[in-house]
Amino acid sequence: MRQLITFIRKEFLHVFRDRKTLLMLFGLPIAQIILFGFALSSEIKNSKIAITDYSKDPVTEQLINKIASSNYFDIQHTVQSAEQLQSAFKKGDIRMAIVFPANFSNDLTHTGKATIQVIADASDPNQATTITNYITRLINDFNTQSTLNAGLPLQIVPEMQFLYNPELRGAPNFVPGVMALVLMLVCTMMTSVAIVKEKELGTMEILLVSPFKPIYIIISKLAPNLLISLVNLFIILVLSAVFLDLHVKGSLLLLVFDSTLFILTSLSIGLLLSINARTQQAAMMASLMGMMLPTMLLTGFLFPIENMPLPMQMLSNLVPSRWYFIIVKRVMLKGLGFSAVWKETLILTGMSLLLFTISLRRFKIRLQ
Amino acid sequence: MSSTTAPPVIVTDKLTKRFGQFVACNELTFQVSKGEIFGFLGANGAGKTTAMRMLCGLLKPSSGKAAIAGFDVYTQTEKIKRSIGYMSQKFSLYDDLTVSENIRFYAGIYGMSIPQIKSKTAQLLQELELEKEAKTLVSDLPLGWKQKLSFSVSIVHEPDIVFLDEPTGGVDPVTRRQFWDLIYHAADRGVTIFVTTHYMDEAEYCNRVSIMVDGVIAALDSPTNLKQQFGLDNMEDVFYQLARNAKRKAD
Amino acid sequence: MIKTLYFLLEKEFRQILRNKGILRMLIIAPVIQLILLPLAADYTVKNISIAVVDNDHSTASQRLIAKITSSGYFKLTGYTGSYQAGLSLVENDKADLTLQIPAHFERDLVRENTQKLYVAINAIEGTKANLGGAYLASIITSFNEDIRVDWHTAGSATGSNAPQISIASSNWYNPLMNFNLYIVPAILVSLITAIASMQTAFNIVKEKETGTIEQINVTPLRKMVFITGKMVPFLVLGIILFTLGLLVGWLFYGIVPVGSFLVLYASLLDYLFAMLGLGLLIATYSGTQQQAMSLSFFFINIFNMMSGAFTAVDSMPDWAQAIVSTFPPYHFIRITRMVMLKGSGFADIGPDLAALGAIGLVLNVWAILNYRKTV
């Protein structure tokens with residue numbers, strides 16, 4: 001036991017002497033949480049649009065004012081011709097053009113129906129759909145208002161309540177997502193490179209021929225990263241509470257427990273990667289090139305997993321951060337308890353046990 | 001092997017290097033003649049590495065003068081680099097390149113033409129008896145061969161001087177002897193050898209030896225003369241005598 | 001000087017090509033990711049799961065539910081009698097929203113001429129919440145119209161009493177709303193970014209760590225030539241990867257660039273210039289490979305999340321947009337999408353191209369000055 005402590009102490013010294021890496025280890029989550037928490041949102045605001053009004057009547061004026069005062073739109077300029085429109089789109093200056101045809105007010109007065117032309121730049125389909133949707137809602141509101149004004153009977157009024165995140169801020173979705181992403185990538189990267197570095201330097205040989213059990217060596221390698229990640233977790237939680245008004249609604253203990261489990265899983269992945277890598281470069285490449293994008297896209301905070309084709313959904317089940325993301329949302333944002341996350345916790349436990357056992361077995365006594 | 005009438009290829013005059021308040025090298029003054037094997041000794045922290053870096057044109061001195069192969073260390077570092085060779089402690093061969101690829105690379109960097117490179121490579125491989133290993137990766141070579149190859153690569157462009165920074169660490173005595181044979185051959189051809197080492201028996205192989213202690217040159221003469229001067233019968237004792245009171249312990 | 005560059009490049013390429021593992025990671029892994037990952041990326045909100053709490057059980061409520069389920073937007077995942085049960089479905093992510101139809105809805109609608117419906121939406125993910133709410137609202141409005149027409153034939157306002165405006169919308173440049181057109185360039189740029197900056201940094205720091213850089217410093221090889229020799233292989237790699245990416249995009253996703261290849265590749269060069277500079281800069285600040293990796297990861301992660309690849313930059317607060325405008329990937333992603341999807345030309349992408357050039361200049365000059373001082 002004392003041997004283990006000696007080992008762990010040595011590993012800690014290694015890590016804490018490298019100031020630059022330490023800076024990144026702590027600075028990265030801090031910078032990212034603050035940056036992403038404040039900057040990212042899934043709402044689409046301030047879309048640059050162009051309006052052309054050929055009709056110029058009170059109704060169009062009213063509508064244009066409504067659009068201008070909405071913070072979803074940022075009216076850029078008017079375009080007078082189709083060429084100008086093309087050019088504006090091609091320059092990326094606007095995402096949508098709204099055209100009020102010349103006989104707009106005529107049609108409205110005489111037939112009670114008129115049509116507005118809306119042209120969306122669908123090179124970003126999501127944004128196109130969303131701002132088309134915003135315009136539609138705006139017009140619908142107008143229509144509803146005029147219906148109400150006309151005193152129609154049988155009014156059904158839906159009352160909407162937004163749960164957990166009434167202001168539709170981006171932070172509640174992105175902070176748990178970034179937590180999962182960063183914890184996982186950093187753990188994997190740091191662990192795999194640290195172990196391979198010793199292999200490269202040759203000091204691993206010394207460790208392996210010593211009478212110490214391989215499991216002690218492994219634990220001592222994982223220990224500093226585990227601690228650093230837990231500290232990071234706390235920093236993230238504190239920052240989210242202080243700066244982003246995002247508090248842990250549920251049990252902190254449960255969150256820490258599941259986070260530790262997740263960290264262990266990530267460390268085990270790092271361990272596994274380090275076994276096959278012969279150089280630090282290979283280890284780093286495997287973690288960064290191999291894992292970054294898949295983790296980012298399959299965790300579920302950028303794109304909903306339910307939307308993905310079945311094979312991709314199955315693939316995402318293999319990504320530990322996907323399960324952790326669910327746990328964080330449920331415990332931190334919804335305030336639920338163990339009964340709501342027992343399944344995900346079990347999955348994480350299984351993953352870390354499996355990965356750890358495999359790594360331990362493959363951690364050969366003899367060097368390749 | 002050399003004589004004091006040969007022209008000096010290294011001339012220093014009160015060469016000094018300061019890092020803030022710390023004086024790493026203090027008014028070093030000495031000369032090395034062409035074809036000489038000059039041993040540059042000193043304890044850890046004495047200032048050897050700093051001095052060598054100044055002579056190689058890697059570090060600008062704080063004060064004093066020095067000329068390498070006739071070129072000034074302040075203003076003509078590019079010309080110095082063309083005239084010297086260097087073999088570092090880490091051998092500085094590329095592990096993931098083969099023997100002939102390493103030779104080719106360094107020869108090319110020093111401006112040799114392709115035909116020259118080809119003939120030089122063949123010559124080196126023959127001298128080192130590495131013909132069969134021409135296409136072997138350096139990482140697969142035993143340590144002793146790596147060292148010999150490293151030395152040969154450092155003089156591939158036939159420089160006037162070659163600087164060797166502790167070249168024989170970690171090999172068996174037989175290989176060390178063979179390495180020094182290479183050094184003798186090079187010195188015979190007129191290459192000046194400037195070597196630092198911790199092996200005192202190697203000090204005996206040099207024409208002259210200087211011993212640095214705490215940033216100054218505490219002794220400079222042939223091994224025979226030094227032994228006589230101190231009344232000791234081997235260089236190790238001479239070194240011990242000079243260095244044991246050194247105040248600085250590490251670089 | 002050209003000759004020494006030649007030998008340097010020869011060595012660099014030999015080293016890279018000899019390293020099979022790295023080659024696999026640099027070419028094969030990106031290509032595989034490029035083929036598979038776009039399948040995962042789709043913002044289109046469909047299959048929103050809704051739980052209905054029907055306390056009315058009337059013809060009207062049944063009709064509303066039928067309308068909802070047949071709309072194609074929603075999937076009915078719960079039909080309960082209590083609000084609590086509905087809420088717990090939302091808690092457990094079994095339902096994205098609940099609709100509560102109060103008791104006596106139908107009866108009271110006729111009697112009091114107005115009734116409320118209660119909708120509770122899981123708003124953690126803003127887009128889904130917004131769209132879900134919007135779709136439901138429009139279905140309810142339409143249902144409202146149906147009812148009015150059916151129950152109240154006389155005097156229903158279809159004429160001058162209530163003017164109604166409709167929208168004719170068209171989608172340009174991507175009429176089929178193919179999300180791959182949006183995502184594939186993003187993934188491609190993300191991969192190239194990682195390689196260009198990270199690999200360059202690593203490569204240079206490795207020489208620092210092993211000590212071969214000391215040897216290089218003693219040779220007459222000029223620092224500028226050395227730096228160039230270190231960056232050129234990754235420039236080539238970046239171009240190869242980009243080309244492979246375009247091929248994959250065409251073969252697997254039917255994406256054919258609308259704009260000119262000249263514009264595309266010129267922008268690529270401009271971009272790689274900036275990213276290689278970043279790699280060099282990172283290398284000058286790193287003493288070990290681990291440090292280089294940490295620094296690279298920092299930047300790459302931020303680029304991935306904030307450059308507009310997967311999240312919208314327009315929606316960010318002004319200060320964040322200002323920061324993002326200094327990120328090279330932001331400009332290059334914009335350029336790639338504009339050129340590939342809209343056929344934008346040099347004049348159109350001018351501002352972005354210039355920004356890339358300026359950033360690249362700053363990075364490279366800073367890196368070179370730093371290199372001269374410290375290496």
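Confidence in chain A is lowest in helix H8 (residues 203-209) of chain A, with a mean of 74, and highest in helix H13 (residues 320-333) of chain A, at 93. The score here is pLDDT, the predictor's confidence in each residue, from 0 to 100, and helices (H or I, at least four residues) and strands (E, at least two) are DSSP runs numbered from the N terminus. Over the whole of chain A the average pLDDT is 85, and 97% of the residues score at least 70. Where pLDDT is low, the predicted coordinates should not be read in detail.

You are looking at a predicted model, in which local features need pLDDT of at least 70 and side-chain atom pairs count only at pLDDT 80 or more, while totals for chains, interfaces and linings use all residues. Residues are numbered from 1 along each chain as its sequence is written, and chains are lettered from A and ligands numbered from 1 in the order in which they are written.

Let's see how the chains meet. Two residues are in contact if their C-beta atoms, placed from the backbone, lie within 7 Å. Two pairs of chains touch, and the pair with the most contacts is A and C. Chains A and B share no contact, and their closest C-alpha atoms are 12 Å apart.

Staying with chain B, we come to an open sheet of four strands in the order S2-S1-S4-S5, with antiparallel pairing. S2 and strand S5 (71-72) of chain B are at the edges with a single partner strand each, so one side of each has no neighbour in the sheet. Strands count as paired if DSSP finds at least two bridges between them. Strand S1 (residues 8-19) of chain B is joined by eight bridges to the antiparallel strand S2 (residues 22-33) of chain B, and Arg18(B) has Val23(B) as its bridge partner in S2(B). The two strands form a hairpin with two residues between them, and Gly20(B) in the turn has a positive phi of about 65 degrees. S1(B) also pairs with strand S4 (residues 63-68) of chain B, antiparallel and over five bridges; here Ile10(B) stands opposite Ile68(B).

Ile68(B) is also in contact with residues including Leu55(B), Val73(B), Ile80(B) and Ile161(B).

Finally, chain C has 14 helices and five strands. Its C-alpha atoms fill a box of roughly 95 × 45 × 40 Å along the principal axes. Among contacts in chain C between residues at least 6 apart in sequence, 78% join residues at least 24 apart.

Methods: Lists of a residue's contacts leave out its neighbours within four places in sequence.
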